[in-house]
Amino acid sequence: MRCYSCSKLSFKIICKICISQLFTSNMSTRTVGTLDVISFFKYSSLETLLHSKHKPEGYRIYKALAQMTMKPFIEEFVESDDRDIYIVGIDEYVKSGYAHVALLSRAMKTKTSFPLHSSLMAKNRVKYSGKSLQFRLENPRDFVYKGKAGVDVILVDDIITTGITLQEAQKVLISHGVNVLFALTLADVEE
Ligand SMILES: [Zn+2]
């Protein structure tokens, strides 16, 4: 097959060279309101791969990215944290046969961290892509949380743009007595 990122022949969906180059990009943290959001990449360095989201190959690409990012991150995190941690993906809605965010949160299962799949779903699925901050504020996601109350949670999403969605999610979880530790995303649109 060919590498989805550079189109060169490769045994895997993302070739070794692309993986090593992606790894050189640094993690960054952005604070939106009271929520710290940790991202593994800048959106521009991952754009081609993230565009696969609603294509059939997106399933394998998101899984590969989760193995490179979310999995090692949580393994290191739980080593230095004794609590049980719950993982909540933003709106794990099935589209084109799978929920891409669920592929990220699934990779975060360890002996002391547990994904609560499809526990935070949006009632409003209006498209945010290319829309202004004002539009996003006027059209909230209307999340419904059906996960555990009173637990420690890491929020997970694929992309952070304005951070509005993550802040809204944080608010809903707090209203259920959840302690939101921080959010993790693959890519940050802000350069
Ligand atoms: Zn490649």
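Start by selecting V156: beyond its neighbours within four places in sequence, V156 is in contact (C-beta atoms, placed from the backbone, within 7 Å) with I87, V88, G89, I90, V101, L104, S105 and L184. You're looking at a predicted model, where local features need pLDDT of at least 70 and side-chain atom pairs count only at pLDDT 80 or more, while totals for chains, interfaces and linings use all residues. Numbering starts from 1 along each chain as its sequence is written.

Now colour the largest nonpolar core, a set of 42 residues: buried Ala, Val, Leu, Ile, Met, Phe, Trp, Tyr and Cys joined through C-beta atoms within 7 Å. Buried means that 20 or more other C-beta atoms lie within 10 Å of a residue's own. V88, L104, V153, L155, V156 and L186 have the most contacts inside this core. Strand β7 gives it the most, with six residues; strands here are DSSP E runs of at least two residues, and helices are H or I runs of at least four, numbered from the N terminus.

Next, show β3 (residues 85-89) beside β7 (residues 152-160): they pair in the parallel sense over five bridges, where pairing takes at least two DSSP bridges. I87 has I154 as its bridge partner in β7.

Zoom out to the open sheet of six strands, ordered β1-β2-β8-β7-β3-β4 with mixed pairing. β1 (28-32) and β4 (113-115) are at the edges with a single partner strand each, so one side of each has no neighbour in the sheet.

Last stop: helix α3 (residues 58-68), whose buried residues are G58, I61, Y62, L65 and A66. These pack against α2 (43-50), α4 (70-79), α5 (100-106) and β8.

How values were computed: A residue is buried if 20 or more other C-beta atoms lie within 10 Å of its own, exposed if 12 or fewer, and partly exposed in between; C-beta atoms are placed from the backbone. Two residues are in contact if their C-beta atoms, placed from the backbone, lie within 7 Å.
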